Amino acid sequence: MNTQTVHFHPKPETFKQNAAGALADAPLRKSLRTAMDMLMTKRKMVLSDEHELQALRTLCEHIRQRSLSRLPELLVQLETKLTELGVKVHWAETPDEACRIIHNIISDKNGKLVVKGKSMVSEEVELNHYLADKGIRAVESDLGEYIVQMAGEKPTHIVMPAIHKTKQQVSELFHENIETPLTDDVDALTGFARHALRDIYRTADVGLSGVNFAVAETGTLCLVENEGNGRLTTTVPPVHIAITGIEKVVAKLSDIPPLYSLLPRSAIGQPITTYFNMITGPRRSAELDGPQEMHLVLLDNGRSQAYADEQLRKTLQCIRCGACMNHCPVYTRIGGAAYGTTYPGPIGEIISPHLLGLESTKDLPTASSLCGACAEVCPVRIPIPDLLIRLREEAQRPPSEKVARPLRGQGASYNLGEQLAWRTFDGIFSGKKAYRAFGWAAAKFRSLIPSKQMGWTQNHIPLQPAPKTLHQLIEERNKSR
């Protein structure tokens with residue numbers, strides 16, 4: 001299998017062009033619509049008890065907020081406990097630093113082959129490309145990641161990386177890369193991948209995984225999965241490296257059941273995953289399997305910046321279920337690749353500015369209708385629309401003013417143009433006479449509306465009033481009766 005194929009990857013700076021291309025891709029639109037409808041239906045079925053759902057969401061929100069309020073303390077506690085268990089803990093401020101740490105660990109073992117379980121943080125730091133440049137082969141073992149790696153692409157969904165691929169496309173990829181027969185049988189395709197990966201697990205020098213939750217109290221690293229590849233990756237190779245963002249820590253082991261109860265149900269509409277791995281260090285002397293050596297890399301990469309702001313800290317509550325993507329009318333139509341970032345969809349729109357900077361991601365917060373579906377399904381109640389509004393405001397400010405600012409209604413300051421616009425709006429809609437007069441004038445002189453409208457036509461067709469107001473239409477209907 002060719003794991004070093006070079007392909008063009010979209011960038012967030014060209015989001016508008018990327019989105020236009022995705023909208024013109026009929027097969028992609030069909031695949032996304034089918035997949036999202038299925039995921040929304042399944043989630044609704046397994047979360048049918050509204051009282052239980054809202055109680056769990058409130059509990060999980062409090063768990064994540066409590067953990068984040070104590071984050072520095074919990075990270076130190078986690079490091080202390082892991083060290084006692086024989087795990088070597090490394091701190092990385094930047095993606096490059098994280099890659100260097102992992103490369104040094106592999107090089108110390110003269111390693112040349114790494115098998116990877118699913119890890120979005122490793123995608124965030126672009127670890128595969130870094131290792132390839134150093135002559136080290138990294139092979140994805142998650143089926144979706146295995147497919148997109150084979151295609152030379154990036155994951156387009158944080159839970160289902162190859163959701164944009166059809167079974168026919170996967171069959172052709174396997175046929176070309178691992179010489180399997182063409183088939184539309186999904187079970188057969190899964191079997192081909194499993195067979196091809198068996199030798200990779202057995203011969204890999206290092207296994208690398210992500211972390212869903214890290215428990216400070218016990219030093220337990222929790223890994224949620226369905227395929228068994230995570231368990232093989234973390235136990236068969238002689239060295240296990242886990243990498244995660246600093247926000248994934250929770251205080252107590254008792255915090256895990258509520259979070260785990262909501263994660264698979266929110267993500268894929270599944271009551272529970274096939275595997276739930278609780279890793280507490282390398283192999284002990286009396287044990288027959290497991291890695292002989294274990295490392296944990298804790299990555300910052302902009303998370304401290306979000307943590308320092310009381311409002312933006314809420315982005316760190318995310319448990320990476322992807323429910324916001326599954327219910328987003330924008331993501332559902334353009335898919336994840338158009339965003340040009342590791343984390344697409346609504347959650348990516350509020351996380352990516354911290355990871356990549358607001359200047360390069362300024363168009364992402366506009367990729368939302370602000371319908372609020374993302375906030376309604378978020379298992380930890382992240383107020384995504386509110387954060388999008390704030391980022392939109394900051395993205396439009398002059399460079400000298402692009403600092404953390406409160407939302408409107410919470411002490412935000414406005415320039416002269418904004419003040420004039422809000423006063424005009426207030427004057428029109430505060431009284432019946434002014435409102436009706438404005439409606440009549442807008443309909444009467446609709447042909448004079450300019451085709452270019454500041455702040456709107458950059459991403460939308462021009463606004464134009466209807467030929468008749470609602471009041472006129474109602475009056476005409478009543479007369480006709």
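In sorting lining residues, Ala, Val, Leu, Ile, Met, Phe, Trp, Tyr, Cys and Pro count as nonpolar, Asp, Glu, Lys and Arg as charged, and the others, Gly among them, as polar. The model is predicted: local features need pLDDT of at least 70, side-chain atom pairs count only at pLDDT 80 or more, and totals for chains, interfaces and linings use all residues. Residues are numbered from 1 along each chain as its sequence is written, and side-chain values use heavy atoms, with hydrogens and water left out.

A cavity is a set of points, on a 1 Å grid over the protein atoms alone, where a 1.4 Å probe fits but cannot get out; its lining residues have an atom within 4 Å of a point. Grid points are joined across faces, edges and corners, and a volume is the space filled by probe spheres set on the points. Five cavities of 30 Å³ or more are counted.

The largest cavity holds about 90 Å³. Of its 15 lining residues, Cys318, Cys321, Cys324, Cys378 and Pro379 lie nearest the centre. The lining comprises 13 nonpolar residues, one polar and one charged.

The second largest cavity holds about 70 Å³. Among its 14 lining residues, Cys328, Pro346, Ser368, Cys371 and Cys374 lie nearest the centre. Here the division is nine nonpolar, four polar and one charged.

Methods
On a 1 Å grid over the protein atoms alone, a cavity is a set of points where a 1.4 Å probe fits but cannot get out, and a pocket is an open set with protein on both sides within 12 Å along at least five of seven lines; lining residues have an atom within 4 Å of a point.
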